[in-house]
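Dear colleague,

I am handing over the structure below. My notes on it follow.

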Amino acid sequence: MKRFQYFGRDGSGKEVEGVLESASAVAVAGQLTGNGITPVRIQELHGAANGEEPGQIDLRKLLPPPKVNLEELVIFSRQMHSLLRAGIPLNRALRGMVATVRNPTLEAALRDIGAGIEGGGDLAGVMARHPKIFNRLYLSIVHVGENTGRLDEAFARVASYLELERETIKRMKSATRYPMFVIIAIAIAIAVINLFVIPAFAKVFAGFGAELPWQTRFLIAISDFTVTWWPLILIAVVGAFIAFRRYVETEAGRLVWDRYKLRLPLVGGIFERVAMGRFARTFAMMSAAGVPIIQTLRVVSTAVGNEHIGSKVREISAGIERGENLVRSAAATRMFSPLVMQMLTVGEETGQVDELLVEVAQFYEQEVDYDLKQLADAIEPIMIVFVGVLVLILALGVFLPLWDLAGVAT
């Protein structure tokens with residue numbers, strides 16, 4: 001919170017002054033007005049006057065600014081829609097939003113946007129200064145709404161899309177959470193067995209002085225290697241993970257990884273249906289908003305969340321630029337199912353592509369929900385088989401020598 005010194009007059013006209021903590025001067029003015037005080041001057045206090053000791057470092061200033069998440073964008077878009085629909089001017093609506101948002105990154109962006117609007121700039125152009133907050137899709141819808149005089153509808157449309165995108169992200173997390181949990185649990189179990197269980201049995205077997213079966217010697221050798229070199233193994237695993245992340249962040253790496261994700265067992269089909277649902281939903285929304293088809297396809301290619309499918313969408317855009325129609329260009333990519341191709345064909349013939357693609361998006365979303373429900377049932381048999389194999393290995397490697405010793409003793 002910042003500290004502000006204010007000067008004003010109360011209801012009787014008497015001069016008053018004081019210090020308040022708030023997020024902005026606009027918020028202080030609103031608080032004073034609500035208390036029956038007319039603000040005359042408000043100034044921010046800095047340094048020691050703002051509660052900082054001389055030479056004291058504010059660690060919050062050293063941290064990177066917080067990101068604007070999807071939930072905050074949804075709330076912002078919904079509130080802008082309500083304010084503009086009520087007839088409040090754009091400048092005033094932005095000032096009101098500055099006083100209500102809690103994210104300092106979004107607050108600073110809205111201040112800059114408000115200053116740009118007051119300087120004569122258009123809303124979409126000023127918002128484009130902040131690409132990490134407002135993506136191309138957001139800017140395209142706002143640009144069309146601003147040019148058609150339907151800015152309130154544009155914010156409502158974007159808010160609805162972002163809410164659906166939030167649900168899509170939840171589906172993606174649900175699709176990956178259970179498999180990742182299983183993989184992590186298996187890795188921890190193997191590490192515990194190699195580092196603690198097998199070495200304990202190895203000490204017992206060494207005291208017997210008997211020749212051990214090859215299965216037991218094999219397990220002990222792996223365990224000894226793990227115990228001796230576990231720092232290097234840990235460094236190698238962490239290094240491989242970091243190298244993989246950096247490779248995926250490159251354009252070529254992202255394309256290869258996104259293509260491979262669609263072929264993963266169990267979850268690959270879910271990834272593909274999620275991406276196709278995004279394609280249909282985004283295409284339908286931008287088409288209904290009046291965005292030109294070439295611009296729509298370019299924005300959709302970045303919104304599907306999969307670089308491989310995005311490259312296919314860009315191929316469609318290139319085909320249309322060569323003079324081909326939408327259906328022929330889409331069929332050439334061999335990416336779409338017969339259902340989507342049929343909907344695109346009927347939509348292009350009737351001029352209702354956006355309405356039919358909404359139905360396609362709903363179909364894919366229902367498919368994803370069904371697949372997620374079946375995912376746990378599909379993974380459980382794999383887990384049972386793996387646990388059975390693990391128990392078999394332990395039985396052969398750990399308990400077989402004990403059985404042999406028991407047989408000799410009898």
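Predicted model: local features only at pLDDT ≥ 70, side-chain atom pairs only at ≥ 80, totals over all residues.

Helix 8 gives the most, with 10 residues. The lining of this pocket consists of 21 residues in total, and Thr176, Pro179, Met180, Ile183 and Leu264 are the ones that lie nearest its centre. Sorted by class, the lining has 19 nonpolar residues, 1 polar and 1 charged. The volume of the second largest pocket is about 790 Å³.

I also looked at a pair of helices. The axes of helix 11 (residues 268–289) and helix 12 (residues 293–303) come within 9 Å and cross at roughly 145°. This crossing is right-handed. On the side of helix 11, the contact is made by Arg278, Phe279, Thr282, Phe283 and Met286. Helix 12 contributes Ile293, Thr296, Leu297, Val299, Val300 and Ala303. Of the residues in this contact, 8 are nonpolar, 2 are polar and 1 is charged.

As for the chain as a whole, there are 16 helices and 3 strands in it. The C-alpha trace spans about 105 × 70 × 35 Å along its principal axes. The radius of gyration of the protein chain is 31 Å, whereas a compact globule of 410 residues would have one near 22 Å.

Regards

Technical notes. Residues numbered from 1 in each chain as written. Heavy atoms only, no water. Axes fitted to C-alpha atoms, helices over the stretch in contact; angles between N-to-C directions. Helix = DSSP H or I, 4+ residues; strand = E, 2+ residues; numbered from the N terminus. Left-handed = near helix turned anticlockwise from the far one by under 90°. Contact = heavy atoms within 4.5 Å. Nonpolar A, V, L, I, M, F, W, Y, C, P; charged D, E, K, R; others polar. 1 Å grid on protein atoms, 1.4 Å probe; cavity = no way out; pocket = protein on both sides within 12 Å on 5 of 7 lines; lining within 4 Å. Points joined across faces, edges and corners; volume = space filled by probe spheres on them. Rg over C-alpha atoms; globule rule 2.2 N^0.38 Å.
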